[in-house]
Amino acid sequence: MKYYQVTLLATSANASQWPQSELPEIIFAGRSNAGKSSLINALVNRKNAAYAGKTPGKTQLLNFFSVDDEVVFADAPGYGYAKGGTDSTVRFARLIDPYFRNRRQLKALLIVLDIRRVPNEDDMHMVDYARNAHLPVIAACTKCDKLSRMRQNAQIDIICRTLNISRQSAVPVSCVNRDGIEILWEKIRNIYEKKEQA
């Protein structure tokens with residue numbers, strides 16, 4: 001199991017606070033209870049690289065993590081647990097819109113989805129951000145250890161149809177037993193290494 005060097009580059013509320021890095025970036029986004037922070041921690045083989053709180057939706061900023069000085073994981077706030085509804089949605093849009101429009105290092109969206117749930121409107125909006133920016137999408141379907149292999153396949157088919165993404169873009173993963181973690185890393189590397197060589 002590889003040990004990764006992880007550095008928090010910046011915690012930003014707006015574009016002026018984005019890190020001055022030239023490394024390729026992958027943005028991680030998902031519903032507040034989809035297991036995004038746990039997935040980042042599993043990918044870098046650390047317990048607390050990304051904050052995994054007991055209260056969904058606690059993180060409200062965009063956090064940038066350099067991994068082995070090769071790629072940056074941009075950890076977006078979880079969405080879907082807005083107490084105030086519209087205000088929270090507006091804040092999220094103000095944070096994310098400029099990032100997708102203007103961050104030239106951004107190479108892909110990694111959307112984190114609970115494999116047991118059907119993607120909702122918020123998930124579809126996130127995929128739309130990537131499409132509008134002409135970026136590839138990777139769907140990390142977490143908590144796959146809670147389903148049989150047959151049920152996993154059925155759920156992934158539903159997820160791919162709902163988000164209109166290819167089956168090859170979706171990876172069932174478990175942060176408990178690390179199923180799919182290396183496959184996910186392979187997809188991440190393929191995206192940013194190919195982009196860097198282009």
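**Notes on the predicted fold**

1. Helix H1 itself spans residues 36-43 and is mostly covered, with 7 of its 8 residues buried. The buried ones are Lys36, Ser37, Leu39, Ile40, Asn41, Ala42 and Leu43, so Lys36 is on the buried list along with Leu39 and Ile40, going by the under 20% cut-off. Keep in mind that this is a predicted model.

2. Now the overall layout. The chain has 5 helices and 7 strands, and reading along the sequence gives β-β-α-β-β-α-β-α-β-α-β-α. Of the 198 residues, 47% are buried. The chain exposes about 10200 Å², and carbon and sulfur atoms supply 47% of that area. Take the contacts between residues at least 6 apart in sequence: 76% of them join residues at least 24 apart.

3. Have a look at Trp18, which sits in the loop between strand S1 (6-12) and strand S2 (25-30). Is Trp18 buried or exposed? Its relative accessible area is 11%, which is under the 20% cut-off, so Trp18 counts as buried. Leaving aside neighbours within four places in sequence, Trp18 is in contact with Ser12, Leu62, Phe64, Pro98, Tyr99, Asn102 and Arg103.

4. On to the rings: the structure holds 8 aromatic pairs. In one of them, Phe73 and Trp185 are tilted, 5.6 Å centre to centre with 35° between the planes. This pair links distant parts of the chain, with Phe73 in strand S4 (residues 71-75) and Trp185 in helix H5 (residues 181-197), 112 residues apart. Both Phe73 and Trp185 are buried.

5. How are the rings of Phe100 and Tyr129 arranged? Their centres are 5.2 Å apart and their planes are at 20°, so the pair is stacked. Here too distant parts of the chain are linked: Phe100 belongs to helix H2 (residues 86-102) and Tyr129 to helix H3 (residues 121-132), 29 residues apart. Phe100 has 6% relative accessibility and therefore counts as buried. Ring pairs also link Trp18, Phe64, Tyr99, Phe100 and Tyr129 into a cluster, which brings us back to the Trp18 of point 3.

6. Not counting residues up to four places away in sequence, Leu109 touches Ile27, Ala29, Phe100, Met126, Val127, Ala130, Pro136, Val137 and Ile138. As general background, nonpolar side chains tend to be buried together in soluble globular proteins.

7. Last, a residue with some surface showing. Asp128 is found in helix H3. At 32% relative accessibility Asp128 falls between the 20% and 50% cut-offs, so it counts as partly exposed. The C-alpha atoms of Asp128 and Leu163 are separated by 9.2 Å, although the two residues are 35 apart along the chain.

Definitions and conventions: Residues are numbered from 1 along each chain as its sequence is written. This is a predicted model: local features need pLDDT of at least 70, side-chain atom pairs count only at pLDDT 80 or more; totals for chains, interfaces and linings use all residues. Side-chain values use heavy atoms; hydrogens and water are left out. Helices (H or I, at least four residues) and strands (E, at least two) are DSSP runs, numbered from the N terminus. Buried means under 20% relative accessible area, exposed over 50%, partly exposed in between (1.4 Å probe, protein chains only). Contact means heavy atoms within 4.5 Å. Accessible areas come from the Shrake-Rupley method with a 1.4 Å probe; for residues, only the protein chains shown count as cover. Rings of Phe, Tyr and Trp (its six-membered ring) pair if their centres lie within 6.5 Å; planes under 30 degrees apart count as stacked, over 60 as edge-to-face and the rest as tilted.
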